[in-house]
Amino acid sequence: MQLLSSEAIMGRRIGIVGAGISGLLACKYALTKGYHPIVFESRNTVGGVWTQTLKTTKLQTCKPFYQFSDYHWPSSVQTLFPDSQQVFDYFQSYANHFNLLKHIRFNTKVVSIKYEGPSDQDIQSWALWGGNGDPFGDKGKWIITTLDLLSQSIENNTQVMEVDFVILCLGRYSDVADMPEFPSGKGPDVFEGMVMHSMEYSALDYENARNLVNGKRVTVVGFQKSALDITIECSNTNGVEHPCTIICRTPHWNATEFFPWKRLYSNRFSQLMLHKPGEGLVLNLLASVLSPLRWGMSKFVENDIKKKQPIEKYDMVPDHSFLQEMSSCSVATVPAGFYENVEKGSIVLKRSKTFTFYKEGVLLDNNSTTHDHMEAIKCDLVIFATGFKGDQKLKDIFASPGFQDCIFGSPSNTLPLYRECVHPRIPQVAVIGFSESAANLFTSEIRCRWLFELLDGKFKLPNIQEMEKDVLEWNKFMKRYSGKYFRRSCMGALHIWYYDQLCKDMGLNPNRKKGFWAELFEPYGPSDYA
Ligand SMILES: Cc1cc2nc3c(=O)[nH]c(=O)nc-3n(C[C@H](O)[C@H](O)[C@H](O)COP(=O)(O)OP(=O)(O)OC[C@H]3O[C@@H](n4cnc5c(N)ncnc54)[C@H](O)[C@@H]3O)c2cc1C
Ligand SMILES: NC(=O)c1ccc[n+]([C@@H]2O[C@H](COP(=O)([O-])OP(=O)(O)OC[C@H]3O[C@@H](n4cnc5c(N)ncnc54)[C@H](OP(=O)(O)O)[C@@H]3O)[C@@H](O)[C@H]2O)c1
């Protein structure tokens, strides 16, 4: 094991793309280790997704699970679920506290990153990451091309910079909208009203958003957090006079704000019930023996949700299990008053697998097998709360088609990232914040910790073949438990097992509790790893 000298560290340039929580954490860890990071951020401030949210958006994760290990929430924030302004202020204050702002170039968009070094063919023949197992490699550099978004001059608005390592913290829930495709003549082009994506709506301030929907017949597409939040906002503005329609393709086991059952899935015992990536015979047998309990626990939570929300009455009971919802990080918090507004009539719930547009609104395909019943919904504004294409954003930042294909992988598999951080065949690059967990801030923090121990030479990665094997094991796990949402690469139901692996790599004891029973049954959270 060879540790880098301080001269060697100082001489290495690290480029970080994005100044959301992942980029801020990467910057802070880089500084702590003595590097000189340069952060590129296309927005004019830190905070990423939290810079453009609805006024009503709050943290869905409770405060203690969404905080920096070395910089806790201020005592002035009393609530368990801070609102978006409080979250944004907290991130700004973190950036100020650790003096990160001077390392960030705002209004600077990274257009591409290009590898200059060995050819694609050489890279494919490597047995070790970077050719020699050194995270900085010994042969290549990355060329980062940036666009100054404030520059008036077209000739001088791009810059090129050479770095030794790139950390991509682009975020997966912003910038690139996932817009459904429609057959020709049945898409938004035939609609006479207005169409927008949730990210455009979220970018409006409260007054403008209110004015936009005021008095309009609004239809929202989607049934996850953005859709629920926009729908409640519209329905509160327009009341029963102009009800807001929400089109749901897949009902979900969404929760109320006070929802203690997620904790059932955050101890080691709950993880024994799952088949794990690369598990041995004993763990495999145990997971099989405990499978009735796994089923029972999921049913228990489903029944509780059915009791607390009128989802049976409105035909919104999901076909999949609560376990799948947890495993795919898809448990959204239902905004207060949502089903009350459904009851009053200011929200109209519609289930439809597919839909198309016509001149005056949308046509719902209520019977997808025979296509014999299309229900027309007249509307003035359609808001697509249909999610984002984070994988596309990640792919597009690479200049080389070879690396683009590598990072994107196959759409029928998860993104092939080892430890959800590095691609075995893309040297000198790490990705932080792509794969999800129930508490994303902490997950990005422990990944940054892991990455900088790796860059520091505290441990080595296994050879490429072993890393690829591990990636496939996780891919199998995600597909088994997350259903069609496997590409979210969520750690939600197996986060302790995942953190165990990071801890073992870093030479830390993965068992963080005191005593056998605490280890087995107490919930694990960020404070266990501080
Ligand atoms: C509205 C909302 C609420 C959420 N609530 C929760 C929650 O309660 N709990 C939870 O755990 N998770 C939540 N999430 C998930 C959220 O994505 C993470 O918690 C976290 O904020 C992501 O941070 P990030 O830094 O990884 O990405 P982002 O916040 O998306 O930041 C990425 C940054 O990279 C910049 N960038 C991207 N491309 C480029 C480029 N080419 N050049 C320069 N800059 C670039 C972007 O401008 C952005 O600032 C929420 C997400 C959304 C959208
Ligand atoms: N803290 C907060 O208050 C808050 C607020 C907003 C967002 N967020 C977070 O931000 C992330 C993104 O959330 P999101 O709601 O924007 O996106 P999302 O979780 O990806 O949900 C997309 C929704 O759109 C639906 N959809 C996609 N394509 C469709 C199509 N062609 N036809 C009909 N429906 C379609 C999906 O249905 P299927 O299920 O059938 O695919 C799903 O209901 C999540 O992690 C979320 O938790 C948090």
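Helix α7 (residues 225-238) gives the most to the shell around ligand 2, with 4 residues. Helices (H or I, at least four residues) and strands (E, at least two) are DSSP runs, numbered from the N terminus. The model is predicted, so local features need pLDDT of at least 70 and side-chain atom pairs count only at pLDDT 80 or more, while totals for chains, interfaces and linings use all residues. Residues are numbered from 1 along each chain as its sequence is written, and chains are lettered from A and ligands numbered from 1 in the order in which they are written.

**Ligand 2**
- Among the 21 residues around ligand 2, P180, G222, Q224, T250 and G387 come nearest (near: C-beta atom, placed from the backbone, within 6 Å).
- The shell holds 8 nonpolar, 9 polar and 4 charged residues; Asp, Glu, Lys and Arg count as charged, Ala, Val, Leu, Ile, Met, Phe, Trp, Tyr, Cys and Pro as nonpolar, and the others, Gly among them, as polar.
- Ligand 2 lies between domain 1 (6-174 + 389-461) and domain 2 (188-384), because both give residues to its shell; the bounds come from an automatic or database domain assignment.

**Ligand 1**
- Ligand 1 is surrounded by 34 residues, the closest being G18, G20, G48, G171 and G433.
- At least two residues of this shell come from each of α2, β4 (108-116) and α15 (440-455).
- By class, the shell around ligand 1 has 15 nonpolar, 15 polar and 4 charged residues.

**Sheet**
- Five strands form an open sheet in the order β3-β2-β1-β7-β16, with parallel pairing (pairing: at least two bridges found by DSSP between two strands).
- β3 (104-105) and β16 (429-431) are the edge strands, each pairing on one side only.
- β7 (residues 165-168) pairs with β16 over 3 bridges, and I167 has A430 of β16 as its bridge partner.
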